[in-house]
Amino acid sequence: MKFMHLADAHLDSPFQGLSFLPSNEFNDIKESTQKSFTKAIDTAIEQKVDLVLIAGDTFDSVNPSPQSQLFFNREIKRLTDQEIQVVMILGNHDYLNPEEMILPQTPYFKLLGSDEKVEEAQFKTKTGFPYTVVGFSYQHNHIETDKISEFPKKGDNFTFGLMHAGVKTTNAHQNVYAPFTVAKIKNLNYNYFALGHIHLRQSLSEDPLIVYSGNLQGRHINERKAKGVYLGIVDETTKKINLDFVKTAPIIWQIADLELDHEISQSDLTRKIVDILTRKNTQKTLFGLTISGAQYLSEKELELVNDSDYWLQLSNSLNFDSRLVKVYLVNNEKLQLKSADKEAFNQAESETFALEKIYSLANDLSKKSDYVADLLKKPEFIEEVKELSQVKLGQKLKDMDDETNSN
Amino acid sequence: MMKLTQIKIIHFGKLNDVTFNLNKDLTIFLGANEAGKSTTVAFIKQILFGFHLRTNKSPFFENYQPLDHVSPMGGSLTFEDEAGTFVLNRLYAKGDPKKGVLTVKLNGQEVPESVFFDRIQNIDGSFYTDSFIFNQDMMREINSLSQAELMEQIYFLGASQSHKLLDLRDEFNNNAQKLFKKNGRKPVINQLINQIQDQKDVLAETDNEFSNYRELEEKLNKEKAALAKSQVELASLNEQGQKVSLLMQKLTNFKQYQDLKRELKTVQFSKESYENAQAIKNKIADLTESIDSLTNQLQEVESSNTLSNKDKIRALVDHKAEILHWESESKDLARQVETANQDLQSYEQLQPEAVKLSKLPSETRTQIKSDYQELKKQKEDANNLPGILSLILLVAGIFSAIAISNLFVRFIGIMLALGSMGLFVWTRQKNNQSSRKEQTFIEKYGLNPNEIDLNNLWNEVVQIESKKQTLEQLTQEQKTLNEKVKNFIQELNPFIQGKVQTFSDIINLLNSLQKLLDQNYLAQQHLNDLAVQLQERKNQLAKNKIELSNIFAKNKVTNFDEFSDLKKQAEAQEQLKLKVDALQNDLQEDLAQLEKVAQDPSALSKEKQEIEAQISQKQGQINTLHAESAKLENQMNILANSDKYFAEKQKLSDLESLLAENVKNYLANLLTSNWIARGLDLASNERFPKMLEDAKKYFTLLTGGRYVDITLDKQLKVKRIDGKKFDVEYLSRGTSEQLYFALKLAFVEQVSDKIELPILIDDAFVNFDAQRTNYIVKLLEELAKKTQVLIFTARKDLVEKLTIDPIRIEKE
């Protein structure tokens, strides 16, 4: 038996951090999500899979555009026309009322557990190999209960678990996506547990396989790595699964690193950046660039590397229409302060960048915007802020020092 | 701990050559107004930090003008601490820098200024003024007190370049404020937040795209259902309409049906009778025709059969046998003549002698002939046959004339008998003539005596003679016969057309006459037959006529024409019946309805009009529905192909990205600012927070516990014991002065370990009532334990309360 596991297509979802791109260049990017989905469907048909598991968040919101719904319906129909069984669940983004969706009306399409209750469905492959799929769909944006305990015991059939969920953490307000423990899933002893929700492709367990296939198309710089689907081949006698990743995303995100250890002219800087990006550019890529040793940048250069026009200009030298879309600056030198003051400033740094301090400082702002509040919950964002602060202060102190020295 | 121990004024303002020795803790200068208290305060400050000449504007007491006519202006301050004694001497003479010329001596040795100023952290004059000098004017400046200033002054004591760091802190803070203000609208983050909210609203509207799509779909389905329904209704209306139209058509037929039906009547008509009559009629016609024809025939035959000379013809025809006999006789005669001639010729060749003999005269020959006559008689007997035949014929003719009853036969028999009698007579005559001639001939030939041959010759001559005679006789006979024939022809003459010469002509004529006779006979026979037939027909005719009139009577007609009319009528009715039947058959199903409708045909056309109206209305509905469906489909299509939702989402995301960038920048600025501030705090041993704590303490103390808290952000606020917060401007003058005093004092206390300079209080408590004065006294006593305090006052009560001997400054 062959099956495909895909998740988190997030049709309709926007790309983040590309607002500066000219609109004509944006079209490709815009279409990449659907392209990736189509590629997945193509693969399923080419590989003649028996089953396609869709582990939630197919749509980015509970108000998917008709365009996306019709697209989805069309693509699924291609599968069901080939009598490929499709089993789908809804996730925390697309907890739609199934009655309001445009879904294929065929026995080859099954929306599992649409009342948010764990449902078990039995199927047979064309050659008569029987299997069971167990899972449930979201009908709310949060599910805080332990759903695994509602999963039935494994029967004789080869059994797939299908769930959109996140691992239980110590942070209570994160445990709102059907929190589970790997041990509990292992206890079910299903042959394969297909997960959605986490966009980073990963296996939580090898035996039995408990797998996040990751999302279909990276949407921002923190969704790097090749994106696609898992293709599983089941040995019908031993029940062993051979799992392969198939890349479907037409665009990837990557981060390139530039390390500076001395001051550099603007033209050398440009050349170096282009070199580094070109080395990594093997397909259409949206690049982030980390410049460490940012203290060696002049104020003018600093301004330049933060300028999106400069990014576009650099990108013109790249193949595949790849683009530089973000620059991170890292100051890898401690502040230029007298030792007594340094101590005070180091302490001040750790105090100031304590999360609670940041939260309290940002309170006025985060109260005004949920988006900011969410942003502040992201460690990587905090880290960026910190890096930027360091660069900013370092730059200023260096200037101050220069001033002092030149006096 | 460095203390100011002596003030020595050479010349400054209104003061000349004055020296004050000071306590190391608290010193009080008591003097009336304008006695020189403030001048002394100004002197201390200006000796330390330079003269303040007219051009330098100062907010308060420093508006002194160096008395340049008195030289030198200035004096000295003596500070003592563990390290030794500093004497700061500052003089100003014309040509000196405006600040005057400062000399610093440590234990009598002149040292660089910095040796002293490093000890007081290189503060400047304004710092000293702001921080260490308390006077009436300054107390009113409470509103201008800002955290920034206080902090700056405090941090100044911490990190190196702290003022630059403070500038940086403020710069970052300003940058942060530019990006976001709590209650702002213009800063980019505020704007973005609003834009995001707006965009979310837009998106919420676009969110409806799908529900709109579903709504449209639902509408479309409804429209389609309505359309289908309308189409069914239309079909049924059309059917109804057709039915009505058909009914209308049928109504025409029905009317015809009714009309025809009315024409329908029973006609008594027997086809059989008619056919009978017709047959009889035909028969009658045939008979009549046949009678006519017979009558004609009869007349014709009668007229053609009138032979006027029938008897004569019959007499002529009766000679036919005789003619035939004549013919054979003629032929026989001719043959005999020829034979005789041939014999004679052969005699001439074979018996020429006999021939000669014969040519002898006739007497001779007659002789011989007479001899010969004997012989010749025999020959005549032999020639009696025609007589016998004629006898036989006679008998037969008589017999037939007598014995046969038939008139015609009898007639023939009579004729035959007559003919044969004639023939017999003629034959007897002819035989007699020939014997005579032979005798004469023999007598002529008796002359020649040829013995041997004589007899013979004679015979021969006789023979020849005979022959000659025979020939002659034969010629004679021929002649006679021809005569007879000629006569007969004469008789035939009336019947001859053309020439009749030969026997065959005669025979032919006779035959034709015979034929004529036969014909006549046959015609007679025929005539009889015809008469019989005619009679028969006439009988039949009469019978048929009776029969026909019987039929007519039976069918109640007088004649055949009437009967034909009757037939036509019957046939017409039959046609009519067929037509009626056909119509009836056609209309059968609707007959009942048609009968009803026929009573009011206008109702039907009205119904038709109504149906047509309904049809056109329905058609209109359908068109509208079609149009609406098309519109909906179009709208759906637009939605189905719309990437607006994505675009709006992307726009939101873009705004959010932008916000994130700005927030990052904002926070980086804000945090950096805080980082610097905190670094300065730490570097300055957290003097500011400590100062604030002290200030609170002092304020509470000075207000007798009525106020419990001070908050110092952008603006200064105080909290009363009842929890109410006040802006400084709403405080009473006294309270605000107390607040200022508390803050300044707390500050000085914080910096006093780094800047070991005395606090100068110049009539600062003018507005303090007795109660407050008590509090301040307590405070000053506390303060003086740590820091040197110089009080300049006009209030004796204060001096009394402090229980210290004052230095009196007298008016000059």
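**Close-ups of chain A, a predicted model**

**View 1. A bridge between two strands.** In β15(A), A:Arg323 is the bridge partner of A:Leu286. The strand β14 (residues 285-292) of chain A pairs with β15(A) in the parallel sense, over seven bridges. Here, two strands pair if DSSP finds at least two bridges between them; strands are DSSP runs (E, at least two residues) and helices are runs too (H or I, at least four), numbered from the N terminus. This is a predicted model, where local features need pLDDT of at least 70, side-chain atom pairs count only at pLDDT 80 or more, and totals for chains, interfaces and linings use all residues. Residues are numbered from 1 along each chain as its sequence is written, while chains are lettered from A and ligands numbered from 1 in the order in which they are written.

**View 2. The open sheet of three strands.** The order is β13-β14-β15 (chain A), and the pairing is parallel. β13 (252-259) and β15 (323-330) of chain A sit at the edges with a single partner strand each, so one side of each has no neighbour in the sheet.

**View 3. Strand β1 of chain A and its partners.** Four of the five residues of β1 (residues 2-6) of chain A are buried, so this strand is largely enclosed by the rest of the structure. Buried means that 20 or more other C-beta atoms, placed from the backbone, lie within 10 Å of a residue's own. β1(A) pairs with β11 (residues 228-234) of chain A in the antiparallel sense over four bridges, and A:Met4 has A:Leu231 as its bridge partner in β11(A). β1(A) also runs parallel to β2 (residues 51-55) of chain A, joined by four bridges, with A:Phe3 opposite A:Leu51 in β2(A).

Key. Buried ≥ 20, exposed ≤ 12 C-beta atoms within 10 Å, placed from the backbone.
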